[in-house]
Amino acid sequence: MADTLFERATNASWVVVFKALITTHHMMVAGNERFLQFLASRNTLFNLSNFLDKTGSHGYDMSTFIRRYSRYLNEKAFAYRQMSFDFGRVKKGAEGVMRTMPVEKLLKGMPTLQSQIDALLEFDVHPNELTNGVINACFLLMFKDLIKLYACYNDGIINKFFQMKRGQCKDGLEIYKRFLTRMTRVSEVFKIAETIGIDKNDIPELTQANPPSDRSVKQMAPRPQPPRLQKLKRPLQLLLLLLLLPALDHLPDPRRHPPSRAPTMLC
């Protein structure tokens, strides 16, 4: 089955290639997991970075989305190879994979998840470009993937951040910042989904949360103390600690530089 789809993907017609990619995507999502394992075991999946159908203006337009779509499917297979599971298939929520994952594995897995989401967002289609059933079917599959990926992303963000070591907290803050920037782009995709008739009840609502600025942090904590990694009870406290870490690196170590004593007066 996979070999047949790869062969179809080498066709010169954008319709044939696009349908081969859509079928592959559907099999990755709804087919037997061994199909996804086989794709992940290959060094290369789809080599369509230079694909171009010159038969007409429509072929030129659709060729752009075929190149982007193939990159996403390649990234989806690569993520499975890296993690040994599909982000779209794993259990989510309080007992889900991303919430119960050890911190060390989480910090390695989040960049892989971010790369897959980025590849999906780079499809970058606009409502006026959803002009035929083929690209609409592609967009629907990617929209469903995005909901599942975002759920994993959200679970990973709130997983065990209060148990991280100092070095891990810095990485965690960078992941959180990138998470906020992606929320805007995800919400744009959800808006496009409404234009093609997807029910609003099937579209998640996103709430944008803005982290405190460096200036507000300094006002809230004017005299920073060397941090002691005790349990933090609120996400705001975690963000305050993380944003203060660079400044704390320059504070003198009291063990190496003890305070000078006043000279003793001799009578």
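In the predicted model, glutamine 116 lies in helix H6. With a relative accessibility of 1%, glutamine 116 falls below the 20% limit and is therefore classed as buried. Apart from neighbours within four places in sequence, the residues in contact with glutamine 116 are Tyr72, Glu75, Lys76, Ala79, Phe87 and Leu149. Several of these contacts belong to the packing of H6 against helix H4, which is described next.

Helix H6 spans residues 103–121, and its axis is 8 Å from that of H4, at an angle of about 165 degrees. Because this angle is over 145 degrees, H4 and H6 count as roughly antiparallel. The crossing of H4 past H6 is left-handed. On the H4 side, the contact is formed by Arg71, Tyr72, Glu75, Lys76, Ala79, Gln82 and Met83, and on the H6 side by Lys105, Gly109, Thr112, Ser115, Gln116, Ala119 and Leu120. Sorted by class, the residues of this contact comprise five nonpolar, five polar and four charged.

Helix H4 (residues 57–83) also packs against helix H7 (residues 133–157), with axes that come within 12 Å and cross at roughly 35 degrees. Here too H4 passes its partner, H7, in a left-handed crossing. The H4 residues Met62, Phe65, Tyr69, Tyr72 and Lys76 meet Ile135, Cys138, Leu141, Met142, Asp145 and Leu149 of H7. This contact between H4 and H7 has nine nonpolar and two charged residues, and no polar ones. Tyr72 and Lys76 of H4 take part in the contact with H7 and also in the contact with H6. Leu149, one of the H7 residues in that contact, is in contact with glutamine 116 as well.

Side chains of opposite charge can pair when their charged atoms come close. In this model the count of salt bridges is five. One of them joins the side chains of aspartate 86 and lysine 76, with an N to O distance of 3.6 Å. The two partners are 10 residues apart and come from distant parts of the chain, lysine 76 from helix H4 and aspartate 86 from the loop between H4 and helix H5 (97–100). Both lysine 76 and aspartate 86 are buried. For aspartate 86 the relative accessible area is 4%.

Aspartate 86 forms a further salt bridge with arginine 89, at 3.7 Å from N to O. Salt bridges link Lys76, Asp86, Arg89 and Asp145 in a network.

Another salt bridge pairs the side chains of arginine 99 and aspartate 155, at 3.1 Å from N to O. This pair links helix H5, which holds arginine 99, to helix H7, which holds aspartate 155, across 56 residues of the chain. Arginine 99 is partly exposed at 29% relative accessibility, whereas aspartate 155 is buried at 4%.

Phenylalanine 190 is found in helix H8 (residues 166–195). The relative accessibility of phenylalanine 190 is 4%, so this residue counts as buried. Phenylalanine 190 and aspartate 202 are 12 residues apart along the chain, and their C-alpha atoms are separated by 9.8 Å.

Terms used:
Residues are numbered from 1 along each chain as its sequence is written. This is a predicted model: local features need pLDDT of at least 70, side-chain atom pairs count only at pLDDT 80 or more; totals for chains, interfaces and linings use all residues. Side-chain values use heavy atoms; hydrogens and water are left out. Axes are lines fitted to C-alpha atoms, for helices over the stretch in contact, and angles run from 0 to 180 degrees between N-to-C directions. Helices (H or I, at least four residues) and strands (E, at least two) are DSSP runs, numbered from the N terminus. A crossing is left-handed if the near helix is turned anticlockwise from the far one by less than a right angle, and right-handed if clockwise. Contact means heavy atoms within 4.5 Å. Ala, Val, Leu, Ile, Met, Phe, Trp, Tyr, Cys and Pro count as nonpolar, Asp, Glu, Lys and Arg as charged, and the others, Gly among them, as polar. Angles under 35 degrees count as roughly parallel, over 145 as roughly antiparallel, 65 to 115 as roughly perpendicular and the rest as oblique. Buried means under 20% relative accessible area, exposed over 50%, partly exposed in between (1.4 Å probe, protein chains only). A salt bridge is a side-chain nitrogen of Lys or Arg within 4 Å of a carboxyl oxygen of Asp or Glu.
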